Amino acid sequence: MGKDIEVGTEYAPKDYQDPPPAPLIDPEELGKWSFYRAIIAEFIATLLFLYITVLTVIGYKSQSDIDHNGVQCGGVGILGIAWAFGGMIFVLVYCTAGISGGHINPAVTFGLFLARKVSLVRAIMYIVAQCLGAICGCGLVKAFQKAYYFRYGGGANTLNDGYSTGTGLGAEIIGTFVLVYTVFAATDPKRNARDSHVPVLAPLPIGFAVFMVHLATIPVTGTGINPARSFGAAVIYGKDKAWDDQWIFWVGPFIGAAIAAFYHQFILRAGAVKALGSFRSNA
């Protein structure tokens, strides 16, 4: 069986098929119910993601607040918060992958758009749906935990004391790179063809990537790596600090996603080599 072996600028036959690149603008998808169903799925998934995770963060802070009848080691701790974020991504990607692709994150959508996996129209609509879902999810948390919501920061991402802006931005770039790189690797059609005898559940490594990044960066920025998550919490919380640092949680993840898309498509998948070979053959 072919293994994508290079011979000069020629390639041996593949035992898998890459899907064709998504068009930049695809007017046909606007007339399909599957397009709008996918947008709804992204909205609901992001709503549920923010509801469960922000509620976990606030619950932990209230249970460990010794000034308000909490105990010093109460609640789930940072480990539990990381599990909440990673576990919810695992569950929601599993539920929505067959409907919308299970992005639940504008940075993931942006990375897949750069790799020509989704059209521009779909990418924009997904990001809008994700942001609206995040706002609604945080709104539900505020409605159910009004007494604790503002006292414990509303789950909003901010740059923690003792860290510079550059450190926070770097943490978001690297963290998002890990996530989006994992998304590309877990959904790579070449992997599915080559390792078809090994059952690969794509949501599992993606959820673990989110879990691991949270363990590393919660002390720095509270871990964004998802602009919708940061935006929704900032909108409902509404305090200046959350908005002052908001740009970090958009610029960092988008840069990280772009680097991951370039690395996977042009380095690991040899997109640059193939493009150069095609150019030489036509010269």
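The crossing of helices α3 and α11 is right-handed, in what is a predicted model. On the α3 side, the residues that make the contact are P106, A107, F110, G111 and L114, while α11 brings in P253, F254, A257, A258 and A261. Sorted by class, that gives nine nonpolar residues, one polar residue and no charged ones.

Along the chain, I255 and G111 are 144 residues apart, yet their C-alpha atoms are separated by 9.2 Å. G111 has already come up as one of the α3 residues in the helix contact.

Further along α11 comes H264. Is H264 buried or exposed? With a relative accessibility of 4%, H264 counts as buried, because the cut-off for that label is under 20%. The side chain of H264 makes a polar contact of 3.3 Å with the side chain of D188. Setting aside residues up to four places away in sequence, H264 touches F184, A185, D188 and R269.

Now for the loops on either side of α3. The one between α2 (77-96) and α3 holds I104, and the one between α3 and α4 (120-144) holds R116. Each of these residues has a positive phi without being a glycine: the value is about 60 degrees for I104 and about 65 degrees for R116. How does burial work out for the two? I104 has a relative accessibility of 0%, so it counts as buried. R116, on the other hand, has a relative accessible area of 42% and is therefore partly exposed.

N157 counts as buried because its relative accessibility is 2%, and the limit for buried is under 20%. Which partners does the side chain of N157 reach? One is the side chain of S230, through a polar contact of 2.7 Å, and another is the backbone oxygen of G222, at 3.4 Å. Not counting residues up to four places away in sequence, the list of residues that N157 touches is T221, G222, T223, G224, R229, S230, A242 and F249.

Helix α10 spans residues 240-244 and includes K241. At 40% relative accessibility, K241 counts as partly exposed. The side chain of K241 makes a polar contact of 3.1 Å with the side chain of D245. Leaving out neighbours within four places in sequence, K241 is in contact with T158 and L159. K241 and A156 are 85 residues apart in sequence, but C-alpha to C-alpha they are 9.2 Å apart in space.

Stepping back to the whole protein, there are 12 helices and two strands. The order along the sequence is β-β-α-α-α-α-α-α-α-α-α-α-α-α. How much of the protein is buried? Of its 283 residues, 46% count as buried. Among contacts with a separation of 6 or more, 79% come from residues 24 or more positions apart.

Finally, the record. An unreviewed UniProt entry places the feature "transmembrane region" at residues 39-60, 80-102, 123-144, 164-186, 198-220 and 247-268. Two of these spans can be checked against the model. Residues 123-144 are 100% helix and 0% strand, with the end C-alpha atoms 32 Å apart. Residues 164-186 are 96% helix and 0% strand, and there the end C-alpha atoms lie 33 Å apart.

Note on methods: Residues are numbered from 1 along each chain as its sequence is written. This is a predicted model: local features need pLDDT of at least 70, side-chain atom pairs count only at pLDDT 80 or more; totals for chains, interfaces and linings use all residues. Side-chain values use heavy atoms; hydrogens and water are left out. A crossing is left-handed if the near helix is turned anticlockwise from the far one by less than a right angle, and right-handed if clockwise. Helices (H or I, at least four residues) and strands (E, at least two) are DSSP runs, numbered from the N terminus. Contact means heavy atoms within 4.5 Å. Ala, Val, Leu, Ile, Met, Phe, Trp, Tyr, Cys and Pro count as nonpolar, Asp, Glu, Lys and Arg as charged, and the others, Gly among them, as polar. Buried means under 20% relative accessible area, exposed over 50%, partly exposed in between (1.4 Å probe, protein chains only). A polar contact is a pair of N or O atoms within 3.5 Å; within protein, one must be able to donate a hydrogen and the other to accept it, and residues adjacent in sequence count only if both atoms are side-chain atoms. UniProt positions are given in the numbering used here, feature names are shortened, and annotations may be inferred rather than shown by experiment.
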